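Here is a short briefing on one protein model. Look over the sequence and the structure before reading the points below.

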Amino acid sequence: MAQRIFRSLGTFLTVVLLGVLAVPVFAQEVTIHYLTVQQENEGWPKILKVLTEEYAAQYPNIKIKWKYEYVPQPDLMQRVQLLAAVDNLPLLFNYESGAPLLDLIKANKVLEIESTFKNLGIYQELNPGIVSVLKELVMNAGLYALPLEMNIEGFWYNKKIFADQGFGEPQTWEELTTIAEKLHQNGIQPFAVSGIQRWPITRLINGYVVRKYGTDVMSRVMRGELKVTDPGFVEAARIVYDWGTKGYFGPGVNTLDYGPAQDLFLQGKAAIYYMGSWALRDFHNPEVNKIGVETIGLFNVPLVPDGVGTLEEWNVNAGLTTSVSRAKFEENSKVIGGWMQYVFSRYGDRAMQELGLVTGFHVREVPKELSPLTKMVLEKLASVKGGSFWFEALFDPRTTSVAWDNAQLLAIGAMTPEEYLEELQKAIDEQRAR
C-alpha cells in the first residue's frame, strides 16, 4: 500500500505546467456548503474557501456562495447520519472512511469521485497511491472520498526537552515507557492526549498491536482470525491503563479537546504528542506553535517484544476525509463541475504553499523555501516500506463508539484492560454477524 503511494509520490511532486481547463459558465447560483470539523480559517476549509472566492471573482456571472458549518468531531458521525436519513446532506462533508462511509455508499448518498473527475478531466490531479488506500477502506467499492491531506502518524516530540533530559528517540515501548516515567518524575507531563476526541487513546493501542501482529492486524480481527482479547491486545490496553493511571496523560485527560491538548505540546508543557502529519498546519502557525518548528521531532511507533512489525512501517492515511453529496451534485452538476475543475486542479499547490500540507492532490510548484518539518515528513514518507490503517478503520459506527467511549474509561482506570477488550470483542462479533 505505502509502496504504491511513494512510487507515485515522485510524479505527484513533479513540476509541470498547468493546463488550461475549460470552465463552464452558467448564469446559475449554487452554494458550496461544507460541514466540517475544522475551523474556517484553518486547514481544508481555509483553502477551499480561498479557491472558491477566486473562482467567483474570475467568473462573476456564476453566483457561487460559500457556506461554512462547523461540527465537533465527536458529533460528526451522528450529525451526518441524521442528515443522510432525511436526504439533506450538504454538498461537502467530513466523514469517516471505512465501514461508516461504506454504509452511505450502499445507500447511494455519496458521489463517486473517480468517474466524476474523469468526466471533468481532472482525475490526473489525484495521487494514485492514496486513491488505492481510500478504495481499500471501502472494500474497493470505488472512490468516494477526497484526499485533502495525506499523512503519516507517529510520536512528535520536543527535541529540547529530550536533549535536556538526555533522551534519544526510543526504539521499543519499554524505552518509551522509561522516558515517560522519568519525565513524570521530573515534573514534565509526558504525553499530550485529547480524551474528548477519544481516538488519540485508541491510536496508542493500535500502534502497539500493529507492531505485535503486523500491519494487517485489524483486517485479521475483522475476518475472525484474531480476537482483541488475545494477549497482544491485552498488553496494549495495559499500557494505556498504566500510563493513564500513573498520570502520564496529565490531569483531566477526558476533559481535554483536540486544540487544548495540542496547545500543551506546542507551548512546551508536554513532551510527546501522538498525531498525524495533518498537524503540520498548526505546527507552522507561529500564533499556535510557541516552541518553534526546529524544536519538533518525530519518531515512529516503537517495537514490541516478539512482534513482527518493523520501524519501516508507518500508519499512512488521508486523515478525516471529505465526501460529496450525490444528490446536491446532481441538482446542479454543470455549475458544481466547473467549480470542481477550478478548485481541485489548484488544491495541492495552494495547500502546500499556504499551510505546508502534503495532500493527495498533484503539486506543480514545490515551494523553494520548504519548511524543515514538511521536508522531514516527505523524507519519512519516502522511507515507508509498509502501511497500516487506524484502529477503527474497519469498524461500523456502533463498534467505533464502543472502542472510543470505553477508551475514556480505560485511560482513567475506570475499566480494566480485560473489561475494555471483552466489550470491544462483543461489539466486533455483533458487527460481523450483521
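Predicted model: local features only at pLDDT ≥ 70, side-chain atom pairs only at ≥ 80, totals over all residues.

Residues are numbered from 1 along each chain as its sequence is written, and side-chain values use heavy atoms, with hydrogens and water left out. Helices (H or I, at least four residues) and strands (E, at least two) are DSSP runs, numbered from the N terminus.

**The open sheet**

- Strands of a sheet pair through backbone hydrogen bonds, either parallel or antiparallel.
- Here 4 strands form an open sheet with mixed pairing, in the order E2-E1-E3-E9; two strands count as paired if DSSP finds at least two bridges between them.
- Strand E2 (63–70) and strand E9 (321–324) stand at the edges with a single partner strand each, so one side of each has no neighbour in the sheet.
- From one strand to the next, the twist averages 25 degrees. Axes are lines fitted to C-alpha atoms (for helices, over the stretch in contact), and angles run from 0 to 180 degrees between N-to-C directions.
- Strand E1 (residues 29–36) and strand E3 (residues 92–95) run parallel and are joined by 2 bridges. Tyr34 stands opposite Leu92 in E3.
- Helix H15 packs on this sheet, where it touches E1, E2, E3 and E9, and its direction makes about 60 degrees with that of E1. Contact means heavy atoms within 4.5 Å.

**The helix pair H2 and H15**

- The axes of helix H2 (residues 43–58) and helix H15 (residues 333–344) come within 10 Å and cross at roughly 115 degrees.
- Residues of H2 in this contact include Leu48, Leu51 and Tyr55, and those of H15 include Val335, Trp339 and Phe344.
- Sorted by class, the contact has 8 nonpolar, 3 polar and 1 charged residues. Ala, Val, Leu, Ile, Met, Phe, Trp, Tyr, Cys and Pro count as nonpolar, Asp, Glu, Lys and Arg as charged, and the others, Gly among them, as polar.

**The buried strand E6**

- In strand E6 (residues 270–276), 7 of the 7 residues are buried, so the strand is largely enclosed by the rest of the structure. Buried means under 20% relative accessible area, exposed over 50%, and partly exposed in between (1.4 Å probe, protein chains only).
- Strand E4 (residues 151–158) runs antiparallel to E6, and 5 bridges join the two. Gly154 has Met275 in E6 as its bridge partner.
- Strand E5 (residues 189–191) runs parallel to E6, with 2 bridges joining them. Gln189 has Ala270 in E6 as its bridge partner.

- Most residues other than glycine have a negative phi.
- Asp87, in the loop between helix H3 (73–85) and E3, has a positive phi, near 55 degrees. Asp87 counts as exposed, at 57% relative accessibility.
- Met139, in the loop between helix H6 (128–137) and E4, has a positive phi, near 55 degrees. Met139 counts as exposed, at 57% relative accessibility.
- Ser383 sits in the loop between helix H17 (372–382) and strand E10 (386–388). Ser383 is partly exposed, with a relative accessible area of 31%.
- Not counting residues up to four places away in sequence, Ser383 touches Glu312 and Trp314.
- From C-alpha to C-alpha, Ser383 and Met139 are 27 Å apart in space, and they are 244 residues apart in sequence.
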